[in-house]
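The sequence and structure come first.

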Amino acid sequence: MVSLLRSSLVAFVVWQLIRRIRRRSTSLANIPGPRKEHWLKGNYHRIFQDGLKYNLDLADTYGGAVRIHAVLGAEQLYISDPLALQHIVIKEQDMYEETDMFILGNGLIFGQGLISTLGEQHRRQRKMLNPVFSITNMRTLSSLIQPIADQLCMILLPQLQVDGSETEINLLPWVSRSALEYVCQGGLGHSFDALNPHNESEYIHAIRMLGTTTLRLLFLRPFIPFFVRNFSSYWRNKMVDWAPIQALKDLRRTVQVMDDASREIFSAKKAALAEMHTDEEPISDTPAVKTHGQDIMSIMLGANTSSFETDRLSDDELVGQMNTMIFAGLETVTSAICRILWILACKPSAQARLRSEIRDAKYASGHSSSWENVCLPYDILNKLPYLDAVVKETLRLHPPTSLLSRTVRQDTVLPLHRPIRSRSGEVLERIPIPKDTTLIISILNANLDRDVWGEDAREWRPDRWLGIEAYGRDENEDVFDDNQNGEHGHSKMPGAKTEMRYPGVYANMMTFLGGGRACIGFKFAEMEIKQVIVTLLSRLHFSLPSVPDEHGQVKEIYWKISALQVPVVHPPLGDGITPQIPLGVRVVRDGDFELS
């Protein structure tokens with residue numbers, strides 16, 4: 001059987017190579033781009049594996065549309081041009097769909113959630129979910145899940161030196177655990193007790209390893225559609241058993257653990273909803289938390305029950321939303337919070353300025369004697385100008401996910417705001433794209449576009465956001481329109497030098513994308529990030545590692561940009577692979593505030 005599996009893989013690779021060779025001459029051949037660097041990987045290993053400089057150089061050298069070489073010799077188009085992205089994610093979004101490997105791969109892992117569906121099914125799901133993530137619901141959830149940030153702070157405080165000196169703490173696992181609690185309590189109304197240091201449940205371990213495991217299998221993704229469409233689940237499982245790839249076995253176990261837990265929570269919530277109008281208390285072993293039915297899943301179930309039958313989501317679809325919420329709200333938010341803490345550790349003056357703003361806001365609430373313990377309500381939290389600027393600028397400069405893909409479903413022509421020069425010397429304002437071509441959306445290069453954000457676009461400068469009256473969508477708007485055209489609220493976008501606009505749903509940047517596949521939970525993520533930062537900075541001060549080892553070397557944190565942005569420690573004090581962010585932490589002192 002092992003030999004059969006290997007023969008099938010070899011046959012598939014050969015078949016794909018023959019197809020690519022036959023299609024070697026395409027309309028993309030005249031688009032400028034780098035030479036192929038590997039016979040199998042093309043340029044993919046440079047783009048997707050620790051590829052910050054390589055990705056930036058692509059846009060600097062070739063412009064907003066670049067031909068690249070993908071796996072098995074396929075030619076793809078790498079896009080950061082604003083007009084092209086407007087067509088891809090807004091105006092012609094139905095023509096530019098998620099790739100088969102993305103949709104089918106997510107379906108295998110998460111089930112029938114938003115990131116695993118297309119067309120009418122996807123639109124029906126978003127119609128149901130858009131109101132669930134309203135500002136009104138976020139406002140209610142804010143006070144209910146604030147205790148998670150408080151608990152994180154209370155876990156870190158006892159680890160500090162009693163004399164007030166710094167203690168080095170790897171913050172990443174604690175931030176990750178708190179992010180898991182946020183999404184589980186706020187999203188599902190359920191606690192896995194993830195912040196309990198003695199709790200190493202199989203679920204917590206599985207969900208925290210999911211991102212790392214999928215990254216280990218990155219170059220198997222192009223094969224997913226072939227195996228899904230040609231083999232039943234029985235034979236796919238057999239192939240995983242036979243394949244000498246431990247990451248595949250780990251991923252299968254992770255998916256099973258995650259799905260079992262989600263279905264248990266879902267069953268308990270359905271039972272509670274059915275008994276809501278009775279005097280009986282629902283009986284369940286599932287540990288619910290006191291969200292009083294205001295968690296996202298409870299609201300979703302209520303909305304689903306009251307909807308017309310044709311609009312309702314199936315149980316499998318609802319479970320798929322749960323799995324999707326947990327993963328989508330874990331890795332990306334963990335990365336964003338860790339990045340902000342790292343930046344503030346690098347920039348003590350910015351940390352002092354932000355802490356002063358937080359203190360002043362808490363003083364203004366009338367609790368001056370113990371301002372550190374004050375919890376800011378949602379509306380005040382969202383109106384702190386420097387906090388908002390720090391979060392927006394970090395998400396602009398360092399988007400947790402820097403690349404996404406789309407497949408063109410029919411022959412089309414893609415317009416460009418900035419013409420490019422073809423390999424033959426012709427100026428191109430439009431690019432013909434054949435059906436089934438894959439496009440890579442460079443969120444990173446769109447967010448760092450100097451023509452939009454200014455010559456300092458690659459610098460972390462939160463002041464660019466201050467004094468801006470209108471940028472992006474209305475901050476109090478309950479539901480964003482999946483078909484929004486990106487033309488409102490742009491009159492004073494920070495750093496804009498031209499009339500170019502990116503079609504992002506969040507502050508004109510592409511971090512949360514735009515259109516019908518924009519991140520539906522971006523307001524929840526923003527709220528969580530702000531709550532955690534405000535809570536930690538009220539009591540704790542952060543700095544870069546400074547204690548040398550016996551050889552006089554100090555830990556150096558480095559951010560690897562692959563599918564996600566991950567902090568590691570450079571050798572020899574780290575392996576350069578294991579995600580970690582060791583920072584010096586101590587209790588806040590009087591001198592840790594901005595001088596007035």
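## Helix packing and nonpolar cores

A525 is found in helix α21, which spans residues 522-539. The model is predicted. Because its relative accessibility is 11%, under the 20% cut-off, A525 counts as buried. In sequence, A525 and V333 lie 192 residues apart, yet their C-alpha atoms are separated by 6.4 Å.

Another part of the chain pairs helix α12 (residues 246-274) with helix α14 (residues 315-328): their axes come within 10 Å and cross at roughly 120°. That angle makes α12 oblique to α14. The crossing of the two helices, α12 and α14, is right-handed. The residues that meet are listed by helix below.

| Helix | Residues in the contact |
|---|---|
| α12 | M258, D259, S262, R263, I265, F266 and K270 |
| α14 | D315, D316, L318, V319, M322, N323 and I326 |

By class, seven nonpolar, two polar and five charged residues make up the contact of α12 with α14.

I326 of α14 is also touched by L180. Leaving out residues up to four places away in sequence, L180 touches A194, Y203, I204, I207, I326 and L330. Within the largest nonpolar core, which has 143 residues, L180 is one of those with the most contacts, together with L171 and F542.

Technical notes: Residues are numbered from 1 along each chain as its sequence is written. This is a predicted model: local features need pLDDT of at least 70, side-chain atom pairs count only at pLDDT 80 or more; totals for chains, interfaces and linings use all residues. Side-chain values use heavy atoms; hydrogens and water are left out. Helices (H or I, at least four residues) and strands (E, at least two) are DSSP runs, numbered from the N terminus. Buried means under 20% relative accessible area, exposed over 50%, partly exposed in between (1.4 Å probe, protein chains only). Axes are lines fitted to C-alpha atoms, for helices over the stretch in contact, and angles run from 0 to 180 degrees between N-to-C directions. Angles under 35 degrees count as roughly parallel, over 145 as roughly antiparallel, 65 to 115 as roughly perpendicular and the rest as oblique. A crossing is left-handed if the near helix is turned anticlockwise from the far one by less than a right angle, and right-handed if clockwise. Contact means heavy atoms within 4.5 Å. Ala, Val, Leu, Ile, Met, Phe, Trp, Tyr, Cys and Pro count as nonpolar, Asp, Glu, Lys and Arg as charged, and the others, Gly among them, as polar. A nonpolar core is a set of buried Ala, Val, Leu, Ile, Met, Phe, Trp, Tyr and Cys residues joined through side-chain atoms within 4.5 Å.
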